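Student: I would like to learn how to read side-chain features in a model. Can we work through one together?

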Amino acid sequence: MPATRYIFVSLPLKIFDDDQLSALSATVGRENGEILPFPVPSFKIGTLDALVQHADDLSKLSSGCDAVVSKVADSLGAILDGDENKAAEHKVVNDKPTDQYMRSFQWNTARYRVERPLGELIDNLRKGLQNLDEDLKGKFNQYNGVKANLAALQRRQTGNLATKSLTPIVDPRLLVQDSEYLETHLVVVPTNARKDFLKSYETIAPMVVPRSSVQVAQDDEFTLFAVTTFKKHSIEFLQKCREQKWTPRQYKYVQGGKEEEQRELDRVVKDEKKIREEALLLGRTSWSESVMIWAHVMTLRVFVETVLRYGLPLEFVSALIKTTPKQAIKVKASLDSTYSYLGGNAFGRDKRGRVTKDDASLTSEMAAAGLSAGEGSEYTAYVYYELEFP
């Protein structure tokens with residue numbers, strides 16, 4: 001199923017003779033996208049300088065929303081092992097599909113009072129987004145930590161002899177313990193090197209106890225041996241083992257160690273399940289909240305840009321176009337073809353009727369609209385923004 005892209009458009013009311021949404025639908029083409037009403041409240045306008053600053057702040061905040069929503073999607077994907085269908089079940093807004101929320105969007109007047117200054121509304125949205133980001137980061141760091149801990153414990157239970165816990169494997173009676181002179185070492189040897197080990201282990205270092213080698217365990221890859229040496233040559237023996245690609249394993253018998261390891265594993269399994277459920281719930285909540293914040297940010301962007309582009313009195317029509325990334329190209333081309341004249345001298349047509357841009361005039365138009373030169377590649381003759389959820 002192709003991704004959904006939402007296009008926010010605002011146009012001067014005076015350019016329409018009949019039903020605005022119907023005219024816009026005819027321009028876009030029903031086969032290219034669905035035209036939906038997108039109500040924008042009448043906010044407090046303030047000064048021109050403030051509006052220009054708000055436009056810049058909202059642009060940055062929109063990028064922040066994009067980053068947080070993507071982070072939520074990645075987190076849900078990670079916790080659900082990449083199952084997109086399961087992740088989609090959690091990508092809901094107020095327990096409804098995201099698309100349903102966007103199609104029926106209404107400004108939340110209870111949370112964001114329209115009579116408040118634009119700067120205050122922007123700050124509230126920014127703080128809400130920052131809090132979401134911090135909560136999400138904290139919970140998923142906690143989950144990733146306990147998940148890594150569980151994986152390490154499980155490897156100690158199920159890995160090969162080179163990595164797994166030796167507590168349930170080694171019989172303490174095989175070990176020389178409490179001796180002033182002797183010490184038993186556990187050495188993991190690749191199974192294909194087993195004969196070489198038995199042939200040479202007694203001579204790779206001084207004072208290895210002859211015929212002290214005892215096979216303790218074996219798996220598909222390795223064989224575990226116990227070897228006894230005199231303590232004063234233990235370090236040299238272990239170093240020589242490493243040079244031969246034999247792996248010494250540290251082990252000290254502790255009474256009740258096997259049971260304690262199992263209790264630790266059971267505890268971490270329980271913790272992982274609990275924190276996973278908490279992270280999944282937070283991911284679901286964070287998706288809902290971050291999408292709502294982003295939709296409100298886009299509403300403010302449309303309003304601020306509309307005032308900067310079309311001036312006062314504020315008479316405009318705003319719409320949401322639901323389309324796909326591929327069809328969005330055709331939507332943009334159709335809108336440019338029909339409404340490019342709104343850009344004044346910055347936009348014209350060649351002899352074949354195709355829309356062209358005058359770069360010098362475009363720079364002037366951008367400056368008048370409060371846009372920086374760096375935004376030139378995104379500049380249109382009308383208010384136009386795109387949004388796509390991961």
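Tutor: Start with E120, which has a relative accessibility of 30% and counts as partly exposed. The bands are buried under 20% relative accessible area, exposed over 50%, and partly exposed in between, with a 1.4 Å probe and protein chains only. This is a predicted model, in which local features need pLDDT of at least 70 and side-chain atom pairs count only at pLDDT 80 or more, while totals for chains, interfaces and linings use all residues. Residues are numbered from 1 along each chain as its sequence is written, and side-chain values use heavy atoms, with hydrogens and water left out.

Student: With which residue does R116 form a salt bridge?

Tutor: Side chains of opposite charge can pair when their charged atoms come close. R116 pairs with E120 in a salt bridge (a side-chain nitrogen of Lys or Arg within 4 Å of a carboxyl oxygen of Asp or Glu). The closest N and O atoms of R116 and E120 are 3.0 Å apart. R116 is partly exposed too, at 33% relative accessibility.

Student: How many salt bridges does a search of the whole structure find?

Tutor: The search finds 19. One of them joins R111 and E289, with the closest N and O atoms 2.9 Å apart. Helices (H or I, at least four residues) and strands (E, at least two) are DSSP runs, numbered from the N terminus.

Student: How far apart in helix α8 are K274 and E278?

Tutor: K274 and E278 are 4 residues apart, about one helical turn. Their side chains meet in a salt bridge at 2.8 Å, N to O. K274 is partly exposed with a relative accessible area of 48%, and E278 is partly exposed at 29%. Salt bridges can also share partners, and in this way R5, E386 and E388 are joined into one network.

Student: How many aromatic pairs does the count come to?

Tutor: A pair of aromatic rings is described by the distance of the centres and the angle of the planes. Rings of Phe, Tyr and Trp (its six-membered ring) pair if their centres lie within 6.5 Å; planes under 30 degrees apart are stacked, over 60 edge-to-face, and the rest tilted. By this rule there are 15 aromatic pairs. In the pair of F197 and Y201 the centres are 5.3 Å apart and the planes meet at 15 degrees, so this pair is stacked.

Student: Are F197 and Y201 buried or exposed?

Tutor: F197 is buried, with a relative accessible area of 0%. Y201 is buried as well, at 3% relative accessibility. Elsewhere, ring pairs link Y6, W287, W294 and F389 into a cluster.

Student: Which residues are in contact with Q327, leaving aside its neighbours within four places in sequence?

Tutor: They are E31 and N32, where contact means heavy atoms within 4.5 Å. Q327 lies in helix α9, residues 325–339. At 16% relative accessibility, Q327 counts as buried. N32 is 295 residues away from Q327 along the chain, yet the C-alpha atoms of the two are separated by 5.5 Å.
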